[in-house]
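Please keep the sequence and the model in view while reading.

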Amino acid sequence: MADTKASPEAEESQASPERLKVTIDGVTTEVEPGTLLIEAALKAGKYIPHFCWHPRMKPVAKCRMCLVEVEDQRGLPPACTTPCSNEMVVHTDTPIVQQVQESVLELLLANHPLDCPVCDRGGECPLQDQTMAYGPGESRFVEEKRHYEKPIALSELVLLDRERCILCDRCTRFADEVAGDPLIAFVERGNRTHVLTFPDEPFRSYFSGNTIEACPVGALTAVPYRFKARPWDLEEVESTCAQCAVGCRVKLQSSSSRVLRVLGVDSEEVNQGWLCDKGRFGFEYLHHDDRLTAPMIRIDGELVEASWGEALDAAADGIKRAAKEGPDALGFLGGSRSTTESAYAFSKLARIAGTNNVDAQLGDGLEAAFLVGANPRASIANLDSAAAIVVAGPDLKEELPVLYLRVKQAALKNGVPLIECSPMQTGLSRYAAVSLIHRAGETAQLLSALAGAAQREPTDRPPAGASATDFQRAVEIISEACDKNAVVIAGRTGLATSDGELGASATQLAEAIGGLVLPVAHRANTMGALFAGCAPDLLPGGSRLADGDGGSRAAIEKAWGRAVPSHEGRDASGIVTEAARGNVGALVLMGADLIDDFPDRSLGLEAIGRTGFIVAIDIFMTPTAAAADVVFPAATFGEQSGCVVNIEGRVTRQVAKVAPPGSSQPEWYLLDQLTSRISGKPARWTSHQDVFEEMAAAAPAFAEVTRASIEGAKGTVVRASDTYAPQEIEHPPIATDQYNHRVIAGRKLYGDGQVSGRCTAFRRIDTKAVARLNSRDMSRLGVEDGVAVRLRGARADLEIAVMTDDSVPEGSVSVPFNRIATSSGADEKETGESALHPIRVADLIDSTAAVNEVRIETLESPA
Amino acid sequence: MTEVLLTRISEPEAWRIDRYKELGGYEALAKALKSMTPEEVAEEVKTSEIRGRGGAGFPTGVKWGFLPDVYPRYLVINADEGEPGTFKDRELIEFDPHQLVEGTIIAAYALKVNWSAIYIRGEMVLGAARLENAVRDAYGAGYLGKNILGTEFDLDIVVHRGAGAYICGEETALLSSLEGQRGEPRLKPPFPAVEGLYAKPTIVNNVETISAVPHIVNKGGAWYASLGTEKSRGTKIFSLSGHVNRPGNYEVELGTTFRSLIDDYGLGVRGGNKLKAVIPGGASSVWFVEEDLDTPLDFDAIAAAGSMLGSGAVIVMDETTCAVRAAARLVKFFSHESCGQCTPCREGCAWMYKILTRIEEGAGRSEDLDLLLSVGSGITPALKTEGRMAMSEVLPYTTICVLGPSAVTAMAAPLRLFREEFEEHIRLGACPKAAGTGITTQDRKASRG
């Protein structure tokens, strides 16, 4: 103890507990305790070269490029793993540090192939750039270089060139730490170390593309982007991804008016730099030959190309004719795939045409008032420090993948207890403290029971067949989390169940535990469309049409110069049901496909068949568009600018980068033209900004949202004028039949939809639909994996192969909603017969029922 | 010779528990558990001043004192003996496994540990089998498991076999490997004593160190400290190999000279040949020559002479040895055993090996010798280019662990001692030592595989 020099801990405790003073190359800066030297240096404006360090991953100090000298410290500590201490004096450019940097670069390049001219990374390569800045300028390596077969496929999407790899461990760490899919790893050792997959197990991660972006060299390349461009030929804009409602920030890069690459932007609020592979690679449909390029009208039973004027006149005439029959003779469906501006124009057109029958959701979401007005609403970042997270919704990994990453990170890294309320196990199950697996369609009952239990209401037995032990565990967790910002994530659990009370019971649970609600929706701009008034009971700004308080109605009527209809509007289910009865004169469908993208296919087909006049605004000739009377080609993501609203209510901008094909137009433009023809007033808008300004003026909720405030990744968060307050909840009893199987129809990330089906990147990914059953049910039925069975549903029978999957509880059957279901369906697709209507899971579903059940029959053995 | 640890080696079947007990085995265990507190046992070890026998020579008692008051904590025995030329732990395990088991139990008692692992080199097939039998028999005799010898003390020992990686002898790589991860050294701090196996406080000790513990308990720390020199107490087993007449393990009091070890125990250099060089403390130590042989076998004396005692592997090379080939072979070893995580080691070792091989095969260039030293300085930036190398030149190093620096020593020490011989290879375009042996460089190429 004779040593008078204080230990580092003692020094730290003497300093201000808040900030540490660090001097780097003479520049003094203050940082938070726990800040790494490499981060402090960046803050001080000093770049310390590095390869393996990545701000979103655990530092490993493997590349040894960031070694520095610290006064009074022995050796050469790596800046990426050395935490700052107070009064630390650091040198990053001493002769010895420079010697090390030169040496590391010479060694990294020794075996590097230097095939930069044909490398995708050339021109934007950290290894190139740092060699330029810190390298020795020449190589003394005259030996034969290391050779590997190049490239090898890690998966359908990612290729690996091991000769280029510098073994920084970023991709492998990402796969393990961030994605939770540790499917790539270092094999061999020393000079022969390389990255590889496990035998017969490809790197099939929904997040695999992030490894390409994180790679500091060109070792990992994307199958869709490989050899497509030189980085310096790419132009880019920052935008918001249109694949789901998380709203990840992206960079959209193009050359010669073709989108070639999508990269992630590190937005702390939303995606922290990550993208799912669907968001990253799912853009090729933009340039597909099937894109609609000109308006079409039906003449003598055939759709033929027409001029915009002819098509607009025809559409306006058809709508006006139907409108004479009263508000319920009209139905407007869609908007959730569009920008908020276009959705606003759609909502306005419906109201100007005289109806409140408008819905952005296709009977596949939750109550609109809940989605826009959920209160108190959580942000995505709230998940990081939540006291607990309750997930009652779809499999987030399949439907909102980057939200899944955030929830997983909260659970795994921050230790937030996760309660999953799901009809079957999901991607999150392995991170959940409790998985309350229960009968499909009864999630709301379960949430209400949890809310009751949190308020000490005795429950003798948990509802919906959930396990009593698990329920008790969950109650303990939420009780512990009371009044500490727990987050309840609520969304539609599947398309075969109506989940009618789910928004209300999620709100009830959040209230009971003093927590927050994060409603989730499927399509990218569902929230934006609802905020724009694309719901029968909502006006732009998310105010309640029926209440009419807050002056919203008056403001809107003033902006429109028209009274807003006052009848009680119908939602998508109501509109389609009435249409199927032949009671709807005109349907206007904007990015809404009632045949392939509606939970109840037979009802959708019936509605299309019995509606006199249909206008379809779309990008492809969907089965629905093919049955329409007027078809308008629309511009889409990357081709038009506007704003979108994500699940949090965050408004950010989508920015146009390329021209739409043919004479396609942004939807707001053609909707304005239609509105003008119907109202007899001149069209008003010449740009999306005009639409935005009218919307902001008309909707009080958007008053704070200015063009400036939505620039950038952070955007601005809107709140609905009227918050959601559920009425007394009644859960109608649901009968169970033990001879039947409850249907769970969730969406998979990769499906056969109009968009995904047209992305070559996904072509090799297996999207065959199978029905998944618990092993006990399999043996009860006496069938084996791969055998076809018949599902007898309320609407139709479906022949489909079965697969054992114990993540499905006994008595349920899981079928993917967005995949072609049967082998015979696939054959039909190939032969071209009934190609328009391949059999889908939606054929089974009766959307008017609370739950759907099927009887499973084995097929007679083929003769 | 002063045999403490090796006393039972020549006894027939001392690896059997009954034989071991007849020879006084497990008496120290009974003494420790029944008449001493854990603190008293630890104090005896501290008093003995024994320094770790794995290579670093850190005082064991001091290391034990680093454990924070956190439980569970673990004791891991490093039996992954892999340093070229070292074979002392193997003999201890094969012929006296109970000595290690008894030492482990006593050490665990002193450290308040209830779970211990012995990580044994996978290639030691006989040793692992004998050790597993010894552990099984110790359970049977009530020396392991619950309530050992009727006390409150419980201990389980797991014998874990390595899978053939030298780097797993590095204590943090060993812990990663034991956890089922890739055997890669970890960043320090945190040191294992604070955050080791499963992120819990962990003491990692060498087989020889732990095998000495029963003797320290039996005869007292002061007795042990009376052996050896002032800063290097006790006895140490030296694995003598290479060009001597009688290679083998010799346990001597620290302070004996190299000359005595080679001449008195090893019976001199083979065939009356002249001695060329001695690798004094394992493949990673700086080479000695004839004039260094009077250096005492003592941690500090060897360090003062510019090398290190290391694991006690003394490799003798006579005048017929080709320094280039020896260096190439040693660097090949380190290159082959590099875990590959740090750039300088992964790429640098392989590059040095390629250059050395090229010189040995007759394709050397005049600039290659400076290039070698320059590549080495990428791993150890303070490496000098002239004069005899000193161990201190490997500090600082640019890698996580000392495997890379070891390869630099294996290259630079011979290069700087025998530079003319390297130059001669380049000048002749062939290995001068191969002349007259009938071995051509082509043969060597072929045997290199």
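A disulfide is taken here as a pair of cysteine sulfur atoms within 2.5 Å. The model is predicted, and a search of the whole structure by that rule finds zero disulfides over all chains.

**Cysteines of chain A**

- C215(A) is in no disulfide, the nearest cysteine sulfur being that of C168(A) at 6.2 Å, and C215(A) counts as buried because its relative accessibility is 7%, under the 20% limit.
- C759(A) is likewise in no disulfide, with the nearest cysteine sulfur, that of C241(A), lying 11 Å away; C759(A) counts as buried at a relative accessibility of 2%.

**Extent of the interface between chain A and chain B**

- The contact involves 34 residues of chain A and 33 residues of chain B, and the two chains bury about 2,800 Å² between them, of which 54% is on carbon and sulfur atoms.
- L107(A), R140(A) and R189(A) supply 24% of the area that chain A buries against chain B, which is more than any other three residues supply.

**Polar and charged pairs across the interface**

- The rule finds four salt bridges across this interface, one of them joining R358(B) to E143(A), whose closest N and O atoms are 2.8 Å apart.
- The rule also finds 19 residue pairs in polar contact between chain A and chain B, both residues being at pLDDT 80 or more.

**The side of chain A that touches chain B**

- The elements giving two or more residues to this side are α3 (95–110) and β7 (184–187) of chain A, and α3(A) provides the largest share, eight residues.
- By residue class, this side of chain A divides into 16 nonpolar, eight polar and ten charged residues.

Technical notes:
Residues are numbered from 1 along each chain as its sequence is written. Chains are lettered from A and ligands numbered from 1 in the order in which they are written. This is a predicted model: local features need pLDDT of at least 70, side-chain atom pairs count only at pLDDT 80 or more; totals for chains, interfaces and linings use all residues. Side-chain values use heavy atoms; hydrogens and water are left out. Contact means heavy atoms within 4.5 Å. Buried area is the accessible area (1.4 Å probe) that two parts lose on being put together, summed over both. A salt bridge is a side-chain nitrogen of Lys or Arg within 4 Å of a carboxyl oxygen of Asp or Glu. A polar contact is a pair of N or O atoms within 3.5 Å; within protein, one must be able to donate a hydrogen and the other to accept it, and residues adjacent in sequence count only if both atoms are side-chain atoms. Helices (H or I, at least four residues) and strands (E, at least two) are DSSP runs, numbered from the N terminus. Ala, Val, Leu, Ile, Met, Phe, Trp, Tyr, Cys and Pro count as nonpolar, Asp, Glu, Lys and Arg as charged, and the others, Gly among them, as polar. Buried means under 20% relative accessible area, exposed over 50%, partly exposed in between (1.4 Å probe, protein chains only).
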